[in-house]
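I opened the notebook to keep track of what I looked up, one topic at a time. The entries below are in the order in which I wrote them.

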Amino acid sequence: MALIAKSKLQSLALQYLNGKEKLLKDSCPYGVIKKALFDRFSDKLPDQYHYTQLQDAVQSKNESAEVFEDHCRKLCLETVWRVDDEAIHVILNEEAEHRLVAAYINGLRGVVGHQVKFRMPATMDEAVRLAVTIENAEQQKTAEKQVFTTAEVICYQCNQKGHITRNCRARSLQNQG
Ligand SMILES: [Zn+2]
């Protein structure tokens, strides 16, 4: 078992083990190796806490799709092992990108969230582009609705169309006089 575990280790960890004769023995229990590695690399290990933070990230009410993207990227960075090995670094980053896309799509709110989930973008770029496009379309709709609503509303103060009582000029003139 210890042998299988060791063969799966990445170069950085293996280098460390090669310097420790005791740990390299096949009779060495896996738990001992794991403990030794954890002690050595604990400052570089991504904490379970950060995984959970990323998985549970939810877009705030006033957070745009792009701001939420930044938020998720920062959380995701915390879940990536910091290694010097270039090849491992690339692999870890690719793996982290999958995590990031999943968390981002999952955390998007409302109509934008539904639409993006429905289209299942594979990359972060694609997901953000979709989210921003849908977000803009939704904002446009809301703006049009507001113009319509304001035009139709009738003021209780002066009975004229186009504004609400709080914004009534007649009322503010009255208050001054
Ligand atoms: Zn009025």
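**Before starting.** I noted that this is a predicted model, in which local features need pLDDT of at least 70 and side-chain atom pairs count only at pLDDT 80 or more, while totals for chains, interfaces and linings use all residues. I number residues from 1 along each chain as its sequence is written.

**H5 and H6.** I took helices as DSSP runs (H or I, at least four residues), numbered from the N terminus. I looked up helix H5 (residues 48-55) and helix H6 (residues 65-77), and found their axes 8 Å apart at an angle of about 160°, where axes are lines fitted to C-alpha atoms over the stretch in contact and angles run from 0 to 180 degrees between N-to-C directions. H5 is therefore roughly antiparallel to H6, a term used for angles over 145 degrees. On the H5 side His50, Gln53 and Leu54 make the contact, and on the H6 side Cys72, Leu75 and Cys76 do, with contact meaning that C-beta atoms, placed from the backbone, lie within 7 Å. I sorted these residues into 4 nonpolar, 2 polar and no charged, counting Ala, Val, Leu, Ile, Met, Phe, Trp, Tyr, Cys and Pro as nonpolar, Asp, Glu, Lys and Arg as charged, and the others, Gly among them, as polar.

**H6 and H9.** I then turned to H6 and helix H9 (124-152), whose axes come within 9 Å and cross at roughly 150°, so H6 and H9 are roughly antiparallel to each other as well. Here Ala65, Glu66 and Glu69 of H6 meet Val128, Ala131, Val132 and Glu135 of H9, which I sorted into 4 nonpolar, no polar and 3 charged residues.

**The core.** Which residues touch the most other members of the largest nonpolar core? Of its 19 residues, they are Cys72, Tyr104, Leu108, Val116, Ala127 and Ala131; such a core is a set of buried Ala, Val, Leu, Ile, Met, Phe, Trp, Tyr and Cys residues joined through C-beta atoms within 7 Å, and buried means that 20 or more other C-beta atoms lie within 10 Å. I also noted that Leu108 touches Gln59, Ala65, Phe68, Gly113, Val116 and Ala131, leaving out residues up to four places away in sequence.

**Two loop residues.** Most residues other than glycine have a negative phi. I found a positive phi near 45° at Met120, in the loop between H8 and H9, and one near 65° at Asn159. Met120 counts as exposed, with 11 C-beta neighbours inside 10 Å, exposed meaning 12 or fewer, and Asn159 is exposed with 8.

Methods. Parallel < 35°, antiparallel > 145°, perpendicular 65-115°, else oblique. Contact = placed C-beta atoms within 7 Å.
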